[in-house]
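User: I'm new to reading protein models and would like a close look at one part of this one. Could you pick out the strands and helices in chain B and walk me through how they sit together?

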Amino acid sequence: MLSRNAERVYWLGRYIERTEDTARLLNAFSHVMMDLPASSKLDWNVLLQILSVEEQFKKKHGDDASEENVISFLVTDSENPGSIRSAIRAARENARTVRDRLPLEGWEILNDLNLFVKKREKNLAQNPVKLRNRFQFLKDVVAKSQQFNGMVQSTLSRNQAYDFISFGRFIERADMTTRMLDVVADILLRRPEDVSSFDSHIWMEFMKAQNAVMMYRAENGPRISAKSVLHFLLGQEDFPRSIKSCLQEMTRLSQQLPRNEAFIAETQKLMLTLEDYQKHAEIVPAELRVMFDDTQKGLNQLHSVIADTWFLGAAAAPESETQTQTQTESS
Amino acid sequence: MKWNTYDPTPFYDEVLENSEDPRPVADQLFTYLKSLDNPELQARKAASKLCIEEMGVSFTIYSEGNNIDRDWPFDVIPRPIPADEWKLVGEGLKQRMRALNLFINDVYNEQKILEDGIVPRHLIDGSTNFLKACKGITPPHGVWANISGTDLVRDGEGVFRVLEDNLRVPSGVSYMIENRQVTKRIFPEVFNEQSILPVSDYPTHLYEMLASLSPREVEFPIIVVLTPGIYNSAYFEHSFLAQEMGAELVEGADLFVDTDDCVYMHTVDGKQRVDVVYRRVDDTFLDPEVFNEHSMLGVPGIMRAWKKGNVAIANAPGSGVADDKAVYAYVPAMIKYYLGEEALLPNVKTYLCHIEEDCKYTLENLNKLVVKPVNESGGYGLLIGPRASEEELEKFRKLIKANPRNYVSQPTLDLSTAPVITDEGLSPRHLDLRPFILQGKDCWVTQGGLTRVAMIEGSLVVNSSQGGGSKDTWIVET
């Protein structure tokens, strides 16, 4: 497959995952805010921290991190490149030129998702900024993203397009999970005793965001602690949304790609970082932050390796082995 | 459906002979359409629109800015042509293409036709389409314009005449194919009753022709379609043809010329050699090393590779030298000169303003003529005399006097018409026809082509880039 097209489907994968994960996060957070008594509430600002968009938000809304401003900034604001609206538009644009690489419904689902958000934004009565519209809206966004992923899983041939769209999905997923855990863990672990009695509830809501509650309980029983949640979301091998699982899947897929040595080395490195951390008996917030920081850096590095090895960023590429016997549609 | 409100006179109508009777070729179509009332007709029209949306047939009009997914404007009533008439037209088109390609090859090599004074030298020397970088080259089979779209019109007597040859980057063929797909879904019954020649084999013929140009003799030469990208008005077609041929759709940055002067593609598996580039990028943007140095659409060094014969480019750069409204007038002379034959397909009478008496005639009869600049495509920059204001006429008078070599004029033609479905029912609209001719090792003509319709009543401007529509074209065996 053309290097450029590989890059496009990679970003398609990332943007769809971003759409889904952002919607999940906002849903979870909105629920949390509703359930907690005033004394234990978190700031809406926390969302901006998780998504690293505090600077851009400040430029537009200053210090007014109200619920309305934050939600509209993260959902419908097309000037915020990290909003759900922008992510969907980017996904669609990347898909546009590789439509023939995807199953037929792919483009249709993306169009549908795009129109869905566009229409809701324009219609004030249905605008997701309003709490009563929000849950259904976010649920629908998640459902439509899952529809796209389902189509990929069940009808996309396991070719290079599949490999790269999966890379995009897994890196974004690992990235989002890291961010979320990083911020939430830090906040919760530093809170004084009198407000932290609701924290297991908060952990539960964030696990719901990852669709992880049932899977967690099956593995760990009903008790929730920061440590067990962190270990689950970081390292539970059989749970597809854990960071370790994402890394393992990517390693597996890369086996069939050429020149994969650098990539595999990088994923191994990251997994070691996680495994090392899991050996700790207690959770020390400072160490936790270091671990998350290393993980984030590792994911960025992984992205760079992908781009340098297989996308147009690659310098003098070696001659292809397939040569004259194959048609151009080699993947 | 009442047809006696449809008045085809005074123009030649493709479907009706007079207000009562259809032409023989349209007999079955006419009977079928008569059986539909206006609501039914409107329903078919709506269905065709839906069909086009679903199929994703789209187009871009530059003046519409952001909207790059405008649905292809299509009128559901087909335009029928008898097969035996088409056979003669096809021979005429092939003859014309052979002569034109011999001309282009001559002009970039020995220039015998210029030496012998058949075609004035200044037309070539002064032409911006004559690319010096192409001198001395002979492409595979001596063919430069591998794909041509030759526009035909019927005059008031119903005779097919060539309006112009498009030899650089002619477009519209994918719509010809998609139009047939839509018609089959909307009027399936008619196909059972008549023998209508297929058009969907175009991509196969295109593939074979392109493959015949390959420098390497391999079973599956690597063919790519080079597109300027999604914002180009014909992007849909680029992607359609690439898909149908199993060829990779690439942009400039996906290709590079290596130290061996061969063209390669960047793929995940590494670099892959390219044999044939079907380029939909204008000549001047093809190679920043040789032409426009600011071009981001081309491939630096591709001319090097082409000149060495390491890659074939269709259409060859420089083909535009014959894609010129003044050179057009000399085509019958070319056919005589190179083939020793009379042109089977007539031109439209053309006055060349670089010839003094033609220029005089043009200026004296401006309000009766269509004036065209020698080198623009898409129907822009025309003067349609009978429709022009005194201001426009004056403007053109000045332009012609200042630069007579840049203008030609033709009598306004009574272009033929065919019925389109409007909100009130059927109404005649002017149309033309663009068949496509492929030339590589062999020469082949499409069965029919793209019929372009001026959607506005009375308008003669059919170009899609300016809002024209199209029809399915039927070559009917009777």
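Analyst: Let's begin with the whole chain. Chain B has 478 residues, and its radius of gyration is 23 Å, in agreement with the value near 23 Å for a compact globule of that length. (That radius is taken over C-alpha atoms, and the globule rule is 2.2 Å times the number of residues to the power 0.38.) Keep in mind that this is a predicted model: local features need pLDDT of at least 70, side-chain atom pairs count only at pLDDT 80 or more, and totals for chains, interfaces and linings use all residues. As for labels, residues are numbered from 1 along each chain as its sequence is written, while chains are lettered from A and ligands numbered from 1 in the order in which they are written.

The C-alpha trace of chain B spans about 70 × 60 × 45 Å along its principal axes. Buried residues account for 49% of the 478; buried means that 20 or more other C-beta atoms lie within 10 Å of a residue's own, exposed means 12 or fewer, partly exposed is in between, and the C-beta atoms are placed from the backbone. You'll find 14 helices and 23 strands in chain B. Here, helices (H or I, at least four residues) and strands (E, at least two) are DSSP runs, numbered from the N terminus.

Now zoom in on strand 19 of chain B, residues 425-434. Eight of its 10 residues are buried, so strand 19 of chain B is largely enclosed by the rest of the structure. Strand 18 (residues 417-422) of chain B runs antiparallel to strand 19, joined by six bridges, and the two form a hairpin with two residues between them. (Strands pair if DSSP finds at least two bridges between them.) Across this pairing, Pro419(B) faces Pro428(B) of strand 19. Strand 19 also has strand 22 (residues 450-453) of chain B as an antiparallel partner, through four bridges, with Leu431(B) opposite Val453(B).

Next, a parallel example. Four strands of chain B make an open sheet in the order 8-7-12-13, with parallel pairing. Its edges are strand 8 (248-250) and strand 13 (312-314), each pairing on one side only. From one strand to the next, the twist averages 25 degrees. Axes, by the way, are lines fitted to C-alpha atoms, for helices over the stretch in contact, and angles run from 0 to 180 degrees between N-to-C directions. Strand 7 (residues 223-226) and strand 8 of chain B are joined by three bridges, and Val224(B) has Glu248(B) as its bridge partner.

Finally, two helices. In chain B, the axes of helix 3 (residues 83-107) and helix 12 (residues 331-339) come within 9 Å and cross at roughly 80 degrees. That makes these two helices of chain B roughly perpendicular to each other; the term covers 65 to 115 degrees, with under 35 counting as roughly parallel, over 145 as roughly antiparallel and the rest as oblique.
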